[in-house]
Amino acid sequence: MVRTIIKADLSKKPQEMPGHNFHNRYHPDIPAVVEVKQDEVFKVECYDWSGGQCKNDDCVDDTYEWDLSIGHVLSGPIAVEGAEPGDILEVELLDIQAHPDMPWGFTAILPEHRGGGGFLGDLFKKPAKAIWDFEGIYAKSRHIPGVRFVGVIHPGIVATAPSRELLDEWNRRESELVNSAPDGKGSSMACLPLPHLAILGKVDKDPAKAEKMQKEAARTIPPRENGGNADIKNLSRGSRIWLPVYVKGANLSLGDIHFCEGDGEIALCGAIETAGIITVKTKVLKNGMSMYGLKRAPMFFPGPIDPYYSRYLTFEGLCVDEDGKQHFVDTTLAFRQAVLSAIEYLTKFGYTREQAYLFLSACPVESHIASIVDIPNACVTLGIPTEVFDFNILPNGDGPKVMVKGSHPPAVPK
């Protein structure tokens, strides 16, 4: 029988769970909550990233109360027998399922003071929320009608613990970035250590030690050398990840479950966020970091399970901004233009701009850097699987027909 080494009681806050088996910061001194053997198959239960702050309702009032300081709630750390600094930890995701106590998920545009609208936050300033119900492998939403798609379920975060040296390096370089920003802009450049709502696992039982660690522990917001918040949608069932090991035991953490996500997770709270259960197996590759030159970031090998969507309506984006100004090989701007084109197109069928934005963030859309050498324009593409709609979205000589009426993500002013 496969043992469940970490349980998540979704009726309780993560910091209230016995054993303090959860954390939301990276620090080398957060002790492992359990040790596993190499090649042992085990299960890990995970909260959604927010620790259960979203309500399954038709109102966005709760988004005004979400405290992003708690993100991301991670399960672990999990020590792997025999892992030492300099090794590589191979993590195989044998299976991932939505948690039976949360057969739904959420995608949201947050109020500005809660983080805003993500990639297009300058354009999407009012909150909106879509609740997705799970029907086996499918997701559908009462707030975005006309679509139903297969979820590419995956953990947004699979990470090892940093060494003291690596933690200090993160804090040094990210502090430099914040300090280099114009006045008032630094906080939007990086997420520096934040004691507020820091959960440090078993360390929380020692207030004096916890207070010191809270001031230096790294946030889980960005992807880093240890893995972290990569939000790679193809890191789904059957995938393998190779992570650098920086501390004895590796101290593996997992969480931020996404039932599905489009490339980019553009809306910030942009995947279908949910709780879940991951079945895992690990292996240690001795001296793997030097053997394979794995220094700056992990590697992964996608699993064999993916939605069988073969036809995509694809939008191109160039690095020419909305004012017509030419930029030089700017892939971020080119991606922005592809997303804006897709949003504009979807509104022709009756979707609101907010619906279109949330849909593109949650659906398994495909994005690629198509060209980066043909100066001055980079070309980035965004492909929408046509099969997920219950109507034809391809262009034709008769023009688009309004297919969606009277339903939209709620936006109730506070």
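This is a predicted model: local features need pLDDT of at least 70, side-chain atom pairs count only at pLDDT 80 or more; totals for chains, interfaces and linings use all residues.
In what sense do strands β21 and β23 pair, and over how many bridges?

Strand β21 covers residues 312–318, and it pairs with β23 in the antiparallel sense, over seven bridges. To find your place along this pairing, look for Leu318, which stands opposite Cys379 in β23. Strand β23 has another partner as well: β22, made of residues 366–371, pairs with β23 in the antiparallel sense over five bridges. Here a handy landmark is Glu366, which stands opposite Gly383 in β23.

Now let's look at β23 itself, which runs through residues 379–385. In a regular strand the side chains alternate between the two faces of the sheet. In β23, Cys379, Thr381, Gly383 and Pro385 point one way, while Val380, Leu382 and Ile384 point the other way. Is this strand mostly covered or mostly open? It is mostly covered, with seven of its seven residues buried.

Is Asn229 buried or exposed? Its relative accessible area is 10%, and buried means under 20%, so Asn229 counts as buried.

Which residues surround it there? Setting aside residues up to four places away in sequence, Asn229 touches Tyr26, His72, Gly156, Ile157, Thr220, Ile221, Pro222, Pro223 and Asp256. With one of these, His72, the side chain of Asn229 makes a polar contact of 3.5 Å. A polar contact of 3.5 Å also joins the side chains of Asn229 and Asp231.

Definitions and conventions: Residues are numbered from 1 along each chain as its sequence is written. Side-chain values use heavy atoms; hydrogens and water are left out. Buried means under 20% relative accessible area, exposed over 50%, partly exposed in between (1.4 Å probe, protein chains only). Helices (H or I, at least four residues) and strands (E, at least two) are DSSP runs, numbered from the N terminus. Two strands pair if DSSP finds at least two bridges between them. A polar contact is a pair of N or O atoms within 3.5 Å; within protein, one must be able to donate a hydrogen and the other to accept it, and residues adjacent in sequence count only if both atoms are side-chain atoms. Contact means heavy atoms within 4.5 Å.
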